[in-house]
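Me: I've got a structure open and I'd like to learn how to read it, one feature at a time. Can you walk me through it?

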Amino acid sequence: MKKEIIYLLLFTLLFAFKQGEAQYQINGNGAALGGNCYQITPNTGGQVGSIWNTSLIDLSNAFDFTFFVNLGCDTAGADGICFGLQAQSTNVGVSGNGMGLGGVSPSLGIYIDTYQNSIPDFDPWYDHISINSNGDVNHSTANNLAGPVPASSSQFNVEDCINHTLRIAWNPGTQTMQVWFDGVIRLTYTGNIIANVFGGNPNVYWGFTGGSGLYYNAQSFCIVIVANFSATTVCQGVATQFTDLSTSGTPITSWTWDFGDGTALLSGSTAGTYQNPSHVYAAAGIYTVQETITNSGAGTSTVSHQVTVLAAPTVTASGGMTVCSGQSAMLSAVVGGPSNIPATFNSSGANNNVAVPDSGVPFGWTGTGGSFATSTLSVTGLNPGWTFTGITLNMSHTFDADLIVYLFDPCGNSIQLINNNGGAGDNFTNTTFTPSASTAIGSGVAPFNGTFVPAGGAAAWSAFITASQGCAGANGNWTLEAGDDAGGDLGTINNWTLNFNNPASPTYVWAPTTGMTGSTTLTPTVSPTVTTTYTLTATNSFGCSDTAQTTVIIAAGLNIGVNSPSICSGQTATLTATGGTTYTWSGGVANAGADTANVSPAATTTYTVTGTTGSCTGSAVATVTVSAGLTLLVNSQGICLGQTALLAASGATTYAWSAGATATTLGGNSATASPATTTTYTVTGNTGSCSGTAVATVTINPVPVVLVNSPFICQGMTATLTATGAATYTWSAGATATGVGMATASPITTTTYTVTGTMAGCSGTAVSTVTVGASITITATGAAICSGDVAHLSANGGTTYVWSSGATSTGINTADASPLTSTTYTVTGTTGGCSGTATASVIVNPTPVAVFYAPLATSEFTPDVHFTNQSVNSLQYYWNFGDFADPATNTSTETNPSHRYADTGTYCVKLKVTNGACADSTTLCIDITPEFTFYVPNAFTPGEDGKNDEFYGKGTNIKSYEMSIYNRWGELIFFSNDINRHWNGRVNNGTESMPADVYVYVFNIVDNLKNARKYIGSVTLVQ
């Protein structure tokens, strides 16, 4: 920023404010331009202006503002503008180098600075943007909260006559302020601006300020308010969802919807209800829906879009009939309904409200080169055979005669829609171009809200449509390009819409598909086994569907039954069929046609019988099972000698057992046997005329030989018992099993235990004796020592002893230890095979260290001595001050005592400290010295009368002495280093007398404490 002329007065002193459009106060050189646009400064030097919204906003709530800002056309101009927040009033603003907000505190500003002051503001060389508080634009101070960064992400100069988009958002939840310029985020600041900037006051005014000095620019801003929405394309009966895509520089306060079907308007201010409504249309069709928005600045905007409600296909099904089971039937259907359905695509997001650069393209622009606005619309879901039905534009421009607009399809084909049509302020509102239009855009009447042939002409329009319909990539990005070929005006692509007719392309699905062929055609063939209802669903490519049903009935079919007998080889089986009137048997069965047949197969065989009644038939299969003999099963069993085995057979009706096996019942299937050795037994089974045999084996298993150990333990220990020779083991009482063949026991006296081992059902036993030795009790004695001492430990109760690490054995049962800290030692005593342990603790008491501080010397004038105790590891203190002349106060037990000495001398003070276990002492000697004094007269009268004849100094506790006498010219006339040699008023005490005058003396003294002292003064010699 720059200011060659510095003003420091408030607007209210320089200018009378003027009230602008509703809810905005305009101050200084600001002015309303109309259409929610405001001049901040005209293109003149020494200007300052501000525009403030008259309503306070609460920073406890979020805001998201979008504006168009124009920084002028002079790249060397000045100064810039500021979006400001302040809590003072709506006529705030100052001249100076702060772009209208300089020095206003408290405040927070988003500064767009177009002039670079290196001093005092430390500006970078490019047009920049920053967030600063309290009207301080110096980038080197703590008020510089974010930035500076280039204002634009693509260029360093923004004084380019172009309307740039400025978006500012505040989120109190995250305490984040963000700034976008031309859709690109440039600054983010996180901080509690309510507390840190505005002192806890959340209510502030917002507005724009700006200024100029010797350099200047026309600077302005517009409050963006553009209505826009999108809508889902739905099938009839499904709710259409509307999504508000409007853009507004200030919060939108209300929404009004006209759904275009004659229903009542939906209007209200609750965003959750009115911003994104849904609506169910009673009939299919294309409806023109209108949305009107109002923002907090009382600005309004209205937009209309066509919304399509799709009609579902219609379907009827036939082919229902009655058939016998196993027969087939053909179904058929007729599908009707719409073959083409409108498809609408709306621009949104960053492709709306796109600023058109002023004078960015040359006159007669062809759509390539220069600086122009681009908006992209993504088209998806077009089926082969689609047709183009139109494009609708909503554009704002302050002088439409400078505007050229082209449409490009995804393959690069283009058509010129607008070519310098209209005049000043003739905006394009709901301007539509269709293949069927007859009026050329050049013949239209502002604001061009009708249906037109594009500026390229009808032939070019037709060629473009043909080329686009042949474009392989029609599903893709369609692009709108808008250029301005003359200066001094502003424009924006607000939003636009593409409309197509899309082939419906229905598909067909029948269900259920069991026994069906051609399930996705209109004429499938079915072979149901039961009466079945078939449903046809026809769905077009837009998801709309219809269903129809037809039923195939299965006539009361024949349920043929036949028996399946079992015979032994050589026997005859009789087959009997049911369910029909006449029968046919397979395999040349005798009695064909009758309901019975006799068969004598040599092996198991199947026979088919077909029964007929009228035109329906049925069949069944009979299986004749032929057995060569019975298959018997019998168990084999292992037993121990002397036990009885139980045998059981199956597979027959009656049974007979061989010798040695005794049947439990006559002819029964079970028997018992008790052989002395392993033996086999045969069982014969009979069922009717069929018989069979089986063999059972009774195995005599050996008795296992069990072995077990007999351990020795000391009393209180646990013995481990281990048995072998069997598979499983059981222990007598007192022994606890811990695994296969393992057990533990803890007897207090010698005890025996029995273990029973089992293997293959047979058992053996063994006895374990646990011998218990006598236990011993070991005792140990520790000690308490001071650190550094040796502790003497002892133990009793055993014959031999072993001490743990750190304790050194000194005898059979004694040991010494010198630990640094309290330590517990373990001693193990042994007698015979048994041992015991005990512990001995050595308590190490810290050795105190006696230390104190006192002055080593003091005078008799200050005989009170304070002692500072610096001892460590001590609890009690015993002081002896060495003052034996005063026994009553010579001792003390205070921590930091004081003592008054009655006389001079040397006193040796002793401090003894203890912590109850250990002690230490120290001694410090101090001197109580006589006090030094020295006096000098200021005049003397030399003569012979013996009164005040000599000049000298006198005092006490003087170790050395020098006196020098000088006249007024600095000449030495007398010197003495003997305190008893005085000046008598003569030169060097000779014969030459000195006149009455003032003389300078210098005394150099060393006192009894060896302190050097100097006295300089004057003495008057009086004659």
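Me: How far apart should the ends of helix H4 be, and what does the model give?

Reply: Keep in mind that this is a predicted model. Helix H4 covers residues 458–469, twelve in all, so at 1.5 Å a residue it should span 16 Å. Its end C-alpha atoms are 17 Å apart, which agrees.

Me: Which residues of H4 are buried?

Reply: Start with the general idea. An α-helix has 3.6 residues a turn, so residues three or four places apart point the same way. In H4 the buried ones are Trp461, Phe464, Ile465 and Ser468. Looking down the axis of H4, you'd find these buried residues within an arc of 95°, so they line one face of the helix. Exposed residues Ala459 and Thr466 sit on the face turned away from that buried side.

Me: What do the buried residues of H4 pack against?

Reply: They pack against strands, among them S34 (387–397), S35 (403–408) and S39 (477–484).

Me: Okay, strands next. Which strands make up the open sheet that contains S19?

Reply: Again, the idea comes before the case. Strands of a sheet pair through backbone hydrogen bonds, either parallel or antiparallel. Here five strands form an open sheet in the order S19-S26-S25-S22-S23, and the pairing is mixed. S19 (234–235) and S23 (266–268) are the edge strands, each pairing on one side only. Inside that order, S25 (residues 285–295) and S26 (residues 300–310) run antiparallel and are joined by ten bridges.

Me: Which residues of S66 are on its covered face, and which on its uncovered one?

Reply: In S66 (residues 742–745), Ala743 and Ala745 make up the covered face, while Met742 and Thr744 are on the uncovered one. S66 runs antiparallel to S63 (residues 719–724), with four bridges between them; there, Ala719 stands opposite Ala745. S66 also runs antiparallel to S65 (residues 736–739), this time with three bridges, and Ala737 stands opposite Ala743. The hairpin of S65 and S66 has two residues between the strands, and Gly741 in this hairpin has a positive phi near 75°.

Me: Where else should I look at backbone angles?

Reply: Most residues other than glycine have a negative phi, and most peptide bonds are trans. Now for some exceptions. Asn948 is not a glycine, yet has a positive phi of about 55°. You'll find Asn948 in the loop between S87 (939–940) and S88 (954–956), and at 42% relative accessibility it counts as partly exposed. Asn957 has a positive phi too, near 55°, and lies in the loop between S88 and S89 (958–966). With a relative accessible area of 22%, Asn957 is also partly exposed.

Me: And which peptide bonds are cis?

Reply: One runs from Gly147 to Pro148, with omega near 5°; Pro148 lies in strand S11 (residues 144–150). Another joins Ala511 and Pro512, where omega is about 0°. Pro512 belongs to the loop between S41 (507–511) and S42 (516–517).

Me: Which residues is Thr532 in contact with, beyond its neighbours within four places in sequence?

Reply: Pro512 turns up again: Thr532 is in contact with Pro512, Thr550, Thr551 and Val552. Thr532 lies in strand S44 (residues 532–539).

Me: Is Thr532 buried or exposed?

Reply: Buried means under 20% relative accessible area, so at 15% Thr532 counts as buried. Its side chain reaches the backbone oxygen of Val530 at 2.8 Å.

Technical notes. Residues numbered from 1 in each chain as written. Predicted model: local features only at pLDDT ≥ 70, side-chain atom pairs only at ≥ 80, totals over all residues. Heavy atoms only, no water. Expected span 1.5 Å × (residues − 1). Buried < 20%, exposed > 50% of the residue type's maximum accessible area, 1.4 Å probe, protein only. Arc of directions from axis to C-beta. Contact = heavy atoms within 4.5 Å. Polar contact = N/O pair within 3.5 Å; in protein donor to acceptor, adjacent residues only side chain to side chain. Pairing = 2+ DSSP bridges.
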